[in-house]
Structures are given as structure tokens and as C-alpha cells.
Amino acid sequence: MTDCIFCKIVKGEISGNIVHRDEQVTAFRDINPSAPTHILIVPNKHVDSVNMLIADDEPLIGHMFTTAKNIAAQEGIAESGYRLIMNTNADGGQTVFHIHLHLLGGAPMKYPMG
Ligand code: 5GP
Ligand code: ZN
């Protein structure tokens, strides 16, 4: 996906405020944060949306969650709490079509959403 903004951040072709990188995922601060801590955890490989996931991706998705947990601890929000969100397509509010897990915290989140 040559024109995917998150692929470009993963490859280092454009700058991102990266907080974590490993063989499977990259995590960086959201450019337009919705909370005091707003970090996106993305797979290094391009996947359009949750609709495109296959069974072989299950370890990758699990790794995205354990990475989010570790970053929450690094950011000092593990105990106060946080929210993990993955939006899908128009009704889900997805605007970037490279799957990403939002890690939001640092203030009480509103609920219910929608
Ligand atoms: P979505 O609406 O697809 O669930 O979330 C996309 C998120 O990506 C938004 O919160 C938006 O602010 C963020 N975003 C869009 N473009 C960029 C970018 O170029 N860099 C970074 N760091 N975040 C971006
Ligand atoms: Zn991509």
C-alpha cells in the first residue's frame, strides 16, 4: 500500500511520534489527540480493516493488545484506566484504512459512546 499514511509511518518514510516499535507493530501518538494520552498501535503489515482479518492474524491482534497494555503502563495510565478502540468502516468512524488500536487515557472517558 504505497499511498497508506500508516504504512509510511511504519516504514519511516514520514515522521511519526513513535513510542514503540517491534517486528510486528508500531505505536505512535495520534496527530489530533482525543485524550491526554492518545496512541495508535498499528500492525507493520497493511490490513485495511477488521473486515479483512484472517485466522492467521489472531496472534498479531493479541500482540496489539499486549503492546497497548505495556504502553499504558509506560504512560502511567494503567491504574487510572484507559480505553481501547478499533473503528471499522463508515458507521464505526474509520477514517484511516490501515487497522489501528486507539489507546486513550489520562482523563475519564465518556460512556456510552455513539
Ligand atoms: P480512525 O478514525 O480511522 O479510527 O482513526 C484515525 C486516527 O488517525 C485519527 O485519530 C487521526 O487523528 C489519526 N491520524 C490521521 N492521520 C495521521 C497522521 O498522519 N499521523 C498521526 N500520528 N495520526 C494520524
Ligand atoms: Zn497501510
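This is a predicted model: local features need pLDDT of at least 70, side-chain atom pairs count only at pLDDT 80 or more; totals for chains, interfaces and linings use all residues.
## Composition of the ligand shell

In total, 17 residues surround the ligand. Those closest to ligand 1 are Asp30, Asn87, Gly93, Thr95 and His102.

Three secondary-structure elements, namely helix H1 (5-11), strand E2 (25-29) and strand E3 (37-43), each provide at least two residues of the shell. The greatest contribution comes from H1, which supplies 3 residues.

## Polar contacts to ligand 1

For asparagine 87, an N or O atom of the side chain is 2.8 Å from a ligand oxygen atom. Histidine 102 likewise has a polar side-chain atom 2.8 Å from an oxygen atom of ligand 1. For histidine 100, the corresponding distance from a polar side-chain atom to an oxygen atom of the ligand is 2.9 Å.

## Overall fold and dimensions

The protein chain contains 3 helices and 5 strands. Read from the N terminus, these elements follow the order α-β-β-β-α-β-α-β. The radius of gyration of the chain is 14 Å, close to the 13 Å given by the globule rule for 114 residues, and the chain is therefore as compact as a globular protein of that length.

Along the principal axes, the C-alpha atoms of the protein chain fill a box of roughly 35 × 30 × 25 Å.

Definitions and conventions. Residues are numbered from 1 along each chain as its sequence is written. Chains are lettered from A and ligands numbered from 1 in the order in which they are written. Side-chain values use heavy atoms; hydrogens and water are left out. A residue is near a molecule or strand if one of its heavy atoms lies within 4 Å of it. A polar contact is a pair of N or O atoms within 3.5 Å; within protein, one must be able to donate a hydrogen and the other to accept it, and residues adjacent in sequence count only if both atoms are side-chain atoms. Helices (H or I, at least four residues) and strands (E, at least two) are DSSP runs, numbered from the N terminus. The radius of gyration is taken over C-alpha atoms; the globule rule is 2.2 Å times the number of residues to the power 0.38.
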